[in-house]
Protein chains: 2
Amino acid sequence: MKDDAKSRKAELMEHLKVSILTLRLQPGTDLDEAHLSDAFGLSRTPLREVFRQLAGEGYLDLRTNRSARVSEMSYTTLRDFFLAAPMVYGAVLRLAAQNATRTQINDLKDAQQAFKAALQSGSAEDRALANNRFHDVTGEMSGNVYLRPSFNRLLIDHARIGMTFYRPQSGHKTENLSEASRQHDAIIAAIEAGDEAAAAQLAEDHWNLSRDQIELFVMPAALDIPMGIPPLSKPA
Amino acid sequence: MKDDAKSRKAELMEHLKVSILTLRLQPGTDLDEAHLSDAFGLSRTPLREVFRQLAGEGYLDLRTNRSARVSEMSYTTLRDFFLAAPMVYGAVLRLAAQNATRTQINDLKDAQQAFKAALQSGSAEDRALANNRFHDVTGEMSGNVYLRPSFNRLLIDHARIGMTFYRPQSGHKTENLSEASRQHDAIIAAIEAGDEAAAAQLAEDHWNLSRDQIELFVMPAALDIPMGIPPLSKPA
DNA sequence: CGATTCTTTTCTGTATACAACTTGTATTTT
DNA sequence: AAAATACAAGTTGTATACAGAAAAGAATCG
């Protein structure tokens, strides 16, 4: 029942992280210090410290004398993402297979349980968060301080990319998500068996699946409907 | 001639970074807020923001209700380092060869000039900082936001490892450092030519050189002198 | 003496007040 | 009427003061 400043600070942090990962706070959004400090019962001093930390982790961008912003996503970052992700995740899973402890493996299984539950009944946000948690545990397992900064940065945008491209309720999506779930199970098995090579291969497969999904979304089948005359409309 | 708070803050940041990279502030050192804020004419509020940011970049460790500490280095991190470094640096140089701009290439040449100058006449600290600058520019060139967090984290410990293991004035060291300088030249050439494969290969070579150097330091040739009776000495 | 508890001191974390900067608006000038 | 300037409101950055937690020291008890 601790409702002291320390817990409120942690709450704020969690709130911002979740909001950013789920796109409730969209890339580029300005954050209002006064409003947030009011809402969480914190003064601006600790609030700004949270901003600084989140900026360090890649959630926010800070510009002097201007408000903090949710970090941007552009098409160039999408390209950079798929350049870096397979390599880093391959290394992470390889190390996870080497180093995972019993406790961590149980954490991973719990995360996968939650992911499956979210697939069944949850919202897109629940799925993205559960998926994020799953991969976060694999990052912990790798236990390499030099890989984690980039991996965590990748996970942020992985969640946001997922929220952007897996949103529509289509047959493809459900299929791909259950395929993702199957891959998660395989990843758990590979880690539990300490099978590095399998883990690394699964990392690659997992990204190929993501990329295929996005390509389908970005380049849909063409509409087969003749155009009418468009109404006049002023540009914003 | 701006001597306002903003520049003092930047000064403090630079001071801490340089001090940590050169081991003037050793891993595990406690930082005194009162003393630092006094020395740089800043109140504790902006000072603590700097701490948070440096912690995010991997220079410091923050623990609640305890003083900020220079981030630790252990033998396990040394192992983690050489697991991650070749992979990340290989990717960085590959992307650098793809994306480097004219301006960046000039920056890199300037950095290499400074490095050579430091080799000739500078201290170990100068060399480490110049080398750090060189690699930092390659990181800029890669232009990949997902790779840079890990790469920057690697560069911090690269400088500190260098300060630890290249310190003694030996024939080997000078030789290896000029070899490093030659590799830098080759890296510049590969980037300028846009030769990805060569750049990636050079990244690997560069780490092999580092690793050899450390192995030599950790496992020196055995002394060929019969032991006498050691003098009594108290452990610190 | 040694250990333990209590007090004092020091340092970390937070709140508030103030200063500096940005930006939007209104007024003046051409 | 358009542009430029000056003003005003709002927001960010910093300093100081205070509250709370560790650490250090003194006093008490075994």
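The structure is a predicted model, in which local features need pLDDT of at least 70 and side-chain atom pairs count only at pLDDT 80 or more, whereas totals for chains, interfaces and linings use all residues. Residues are numbered from 1 along each chain as its sequence is written, and chains are lettered from A and ligands numbered from 1 in the order in which they are written.

Chain A contains nine helices and two strands. Here helices (H or I, at least four residues) and strands (E, at least two) are DSSP runs, numbered from the N terminus. Read from the N terminus, the order of elements in chain A is α-α-α-β-β-α-α-α-α-α-α. Along the principal axes, the C-alpha atoms of chain A fill a box of roughly 60 × 55 × 35 Å.

Two copies of a chain are related by a rotation about an axis and a shift along it. The same surface serves both copies, as 100% of the contact residues of chain B recur in chain A. Two residues are in contact if their C-beta atoms, placed from the backbone, lie within 7 Å.

Between the chains, 23 residues of chain B are in contact with 23 residues of chain A. On the side of chain B that touches chain A, α3, α4 and α7 (148–165) each supply at least two residues. That side has ten nonpolar, seven polar and six charged residues. In this classification, Ala, Val, Leu, Ile, Met, Phe, Trp, Tyr, Cys and Pro count as nonpolar, Asp, Glu, Lys and Arg as charged, and the others, Gly among them, as polar.

Two packed helices are described by the angle between their axes and the distance between the axes. Axes are lines fitted to C-alpha atoms, for helices over the stretch in contact, and angles run from 0 to 180 degrees between N-to-C directions. The axes of helix α7 (residues 148–165) of chain A and α7(B) come within 6 Å and cross at roughly 165°. The helices α7(A) and α7(B) are therefore roughly antiparallel to each other, a term for angles over 145 degrees. Their contact joins A:Pro149, A:Ser150 and A:Arg153 of α7(A) to B:Pro149, B:Ser150 and B:Arg153 of α7(B). By class, this contact has two nonpolar, two polar and two charged residues.

Within chain B, the axes of helix α4 (residues 75–99) and helix α9 (residues 196–218) come within 8 Å and cross at roughly 150°. This makes α4(B) roughly antiparallel to α9(B). Among the residues in this contact are B:Phe82, B:Tyr89 and B:Leu93 in α4(B) and B:Leu202, B:Trp207 and B:Arg211 in α9(B). The contact of α4(B) with α9(B) comprises twelve nonpolar, two polar and four charged residues.

Within chain A, the axes of helix α4 (residues 75–99) and helix α6 (residues 124–142) come within 7 Å and cross at roughly 65°. The contact is made by A:Val92, A:Leu93, A:Leu95, A:Ala96 and A:Asn99 of α4(A) and A:Thr138, A:Gly139, A:Met141 and A:Ser142 of α6(A). It has five nonpolar, four polar and no charged residues.

A residue is near a molecule or strand if its C-beta atom, placed from the backbone, lies within 6 Å of it. Of the 17 residues around DNA strand C, A:Ser43, A:Thr45, A:Pro46, B:Glu33 and B:Ser67 come nearest. At least two residues of the surface near DNA strand C come from each of α1 (5–21) and α3 (44–57) of chain A and α2 (33–40) and α3 (44–57) of chain B. This surface divides into four nonpolar, seven polar and six charged residues. Around DNA strand D there are 17 residues, of which A:Ser67, B:Ala5, B:Ser43, B:Thr45 and B:Pro46 come nearest.

Note on methods
Angles under 35 degrees count as roughly parallel, over 145 as roughly antiparallel, 65 to 115 as roughly perpendicular and the rest as oblique.
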